[in-house]
Amino acid sequence: MNDQGDHMTDQKPFVDIQHAQKSYGALEVLKDINLQVQKGQIVAIIGPSGSGKSTLLRAINDLDPLTGGEIWLEDKQINKNLPHRQYEKHINLVRQEIGMVFQHFNLFPHLTVRGNVTLAPKMLKGLSDADANKLAEEQLDKVGMLERIDYYPSQLSGGQKQRVAIARALAMNPKVMLFDEATSALDPELVEEVNLVMKKLAEEHMTMIIVTHEMSFAESVCDRVLFMDQGVVVEEGPPEVMFRNPKNDRTKEFLRKHLAGQHR
Amino acid sequence: MGLDFTVIPQYLDIILWGALWTILITLGAAAVSFIGGMILAVIALYAPKLVRLPFRAFAFLFMGTPLLLQLFLIYFGLVQVGIDVPAVMAGIIGLGLHFAVYNSELFQTGILAVDKGQIEAARTLGLGRMQALRKVVVPQAIRDVIPPVGNNMIALLKDSALVSVIGVSELTLSAQRAIGSTYRPFEFYVLVAVIYYIINLFMEAAQRRVERRVQASR
Amino acid sequence: MQKVFPFFLEAAWITVLLSVLTTILGLILGAVGASARLSRFALIRFLGAAYVSVFRGTPALIQLFILYFGGPQIGIQLDAFQAGVIGLGINAGAYMTETMRGAIIAIDKGQIEAARTVGLSRFQTMRYVVLPQAMRLMIRPLGVNINAMIKATALVAAISVVELTYTAQRFIGSTYKPFEMFLIAGILYMIIIYITGQAVSWLDRKARIS
Ligand SMILES: Nc1ncnc2c1ncn2[C@@H]1O[C@H](COP(=O)(O)OP(=O)(O)O)[C@@H](O)[C@H]1O
Ligand SMILES: [Mg+2]
């Protein structure tokens, strides 16, 4: 599995997951996962439901802590062993550097779009109202949601909500963005507007790890694709190989079934 | 002895002062019940077992016994342990604690009903546990329990009449004073009932207004 | 301490008596009130609504005072116990009116239409189709009303009926042991409320089986 191109070997990985292991009781959900992502790289994770994709993604910012292995961001270990209090402090700082976008948006319904985007910058970075507003306007402009800045989430479509959720994450100026099936809950006609925003981020060389079922989207924006099944990375490689010419039988099977079942 | 409402104007200022006190006591006790209810709810949900238990016992006792009995306990109990608070304070504390227990039940339900994804989203941004609770969970819980908490506050207004029994000079006790010198209970109690009814209408209107205003944020 | 127990037990009996009588009166007035609220005639509907609004919109204590202290002025002479039962019963009736009405209007419109289609009269539909179903729905919420009402019986202490709260107050004054007296009375209240709650649950279960 070191066929990811010699041009990167001299670089130290930006996100480094080593021997990640996760169990819920007797159920082993992640089995010795290794993943290195370089700065500016975009990695797609595909695989059948229940294969552990979300668990892996959520382990990166410690929403679901690993039961074994290490996760590093640049030169910092994310899941390090610290006394509870210190760990809380540490993880809150780490999380500020990792943006996450959920399948179901998880916008704060009691806050306007503006309130959603400014909450964390104001609370955690001590931005003044004026600075936070400016920041929110910038980020919302980027995702094309500036005109809706004073709307409540309940007044937005799914695609609009997801774009706001992306702006909310971007407002913390993260080093990495994690997307967990960001378009799966959307009506088909709303998927494209969110994909466009993600493409824009790709052009800006944002480091991203994207769990997705949108194979054509993955093929068009990602540098690398991982296929996961039953808690292991079965195969990985550049998109043109993974989608056109996979070597592993399970990958072939998954893609065949997936494409057959998905005629959008 | 028939009815004679002409005695009222002479005592109207006393009665209206009483009404003002009733409003102040209601507001004060409402504030206590709101803040106290939220604290009790957070303790009930998040505190370690050793802290939770005595509070559970307290809530159990306060839900199972009459408010009037609790007012006697607080008024005379405070005196007993050497704390000499004015009756008004005892009344506000007693009413406030009583309704804090009821509000706490509502807040707990409200907090638990907030989607888990909300906490995750807040934590993902880097907010700490308490920050997420304060800025994301509690505001939504409050918003969702406005109707039943509003009903509690309206009940509180009517129950504030009970503090007259421990000697708080609010609306009911003012009427009793006027009756003491006029011997006209029917007239004054009806007057007082009308005043309570009017305050009650205002509170109901306020409740509807608040409910309408939070509609957009769900 | 020993000496106060017989007094508390006697007082508890008065509280039980008050509770039972008030519940009966409340249920009757609730049924009448709910019928009025659902009447075909606008005037009767209005009277039902006014009853609920006035008695829920003012303090029960004031209602009690009007009846007990003001009653003689308009020719109503009641002793404190009678005034307590009638005053609290009328008050409870207003709350129970809303509970019963709520249960009745919660019954699916399709049920009523089906009954009318097979030729049942308005009254028959109510009697044989709506009420039996609504009855089941209202047991629990009526239990909540009764629970609140048991605690409200304490109000009659203010017109010197020697029930639990009055007795506790009296002994707080003479023993200077507020917490102990509160606890004795409180436990007796909770026993009464617990037994009532069990009875309501039992009724509710029975109604659900049938
Ligand atoms: N909190 C949990 N407790 C127990 N099992 C869980 C929990 N969360 C996830 N799992 C299990 O872990 C496995 C992987 O889940 P997930 O990472 O959500 O898969 P994916 O995102 O690939 O669909 C599934 O079998 C799921 O049932
Ligand atoms: Mg998933």
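Buried area, as I use it in these entries, is the accessible area, taken with a 1.4 Å probe, that two parts lose on being put together, summed over both. The model I am working from is a predicted one, and I keep that in mind throughout.

**Entry 1: chains B and A**

With that definition I looked up the pair of chain B and chain A, and found that about 2100 Å² is buried between them, with carbon and sulfur atoms giving 60% of this area. I then asked which residues of chain B lose the most area to chain A, and the answer is Arg123(B), Thr124(B) and Leu125(B), which together make up 31% of what that side buries. In terms of contacts, 23 residues of chain B meet 25 residues of chain A.

For charged pairs I counted 3 salt bridges between chain B and chain A. One that I looked up by name joins Glu88(A) to Arg129(B), and the closest N and O atoms of this pair are 3.8 Å apart. I note that the pair qualifies because the cut-off for a salt bridge is 4 Å. Across this interface there are also 7 residue pairs in polar contact, both residues of each pair being at pLDDT 80 or more.

Next I noted where the side of chain B that touches chain A comes from: the elements giving two or more residues to it are α5 (116-125) and α6 (129-144) of chain B. Sorted by class, that side has 7 nonpolar, 8 polar and 8 charged residues.

**Entry 2: chains B and C**

The area buried between chain B and chain C is about 3000 Å², and carbon and sulfur atoms give 79% of it.

How many salt bridges are there between chain B and chain C? I counted 0, while the count of residue pairs in polar contact, both at pLDDT 80 or more, is 7.

**Entry 3: ligand 1**

Last, I listed the residues around ligand 1, which are Tyr24(A), Val29(A), Pro48(A), Ser49(A), Gly50(A), Ser51(A), Gly52(A), Lys53(A), Ser54(A) and Thr55(A). This shell divides into 3 nonpolar, 6 polar and 1 charged residues, and helix α1 (residues 53-60) of chain A gives the most to it, with 3 residues.

Looking at atom pairs, I found a backbone N or O atom of Gly50(A) at 2.7 Å from an oxygen atom of ligand 1, and a backbone N or O atom of Ser51(A) at 3.2 Å from an oxygen atom of the ligand. From Lys53(A) the contribution is from the side chain, with an N or O atom lying 2.8 Å from an oxygen atom of ligand 1. Taken alone, ligand 1 exposes 560 Å², and the protein buries 59% of that.

Conventions:
Residues numbered from 1 in each chain as written. Chains lettered and ligands numbered in written order. Predicted model: local features only at pLDDT ≥ 70, side-chain atom pairs only at ≥ 80, totals over all residues. Heavy atoms only, no water. Near = heavy atom within 4 Å. Polar contact = N/O pair within 3.5 Å; in protein donor to acceptor, adjacent residues only side chain to side chain. Areas by Shrake-Rupley, 256 points an atom, 1.4 Å probe, with all protein chains shown as cover. Helix = DSSP H or I, 4+ residues; strand = E, 2+ residues; numbered from the N terminus. Nonpolar A, V, L, I, M, F, W, Y, C, P; charged D, E, K, R; others polar. Salt bridge = Lys/Arg side-chain N within 4 Å of Asp/Glu carboxyl O. Contact = heavy atoms within 4.5 Å.
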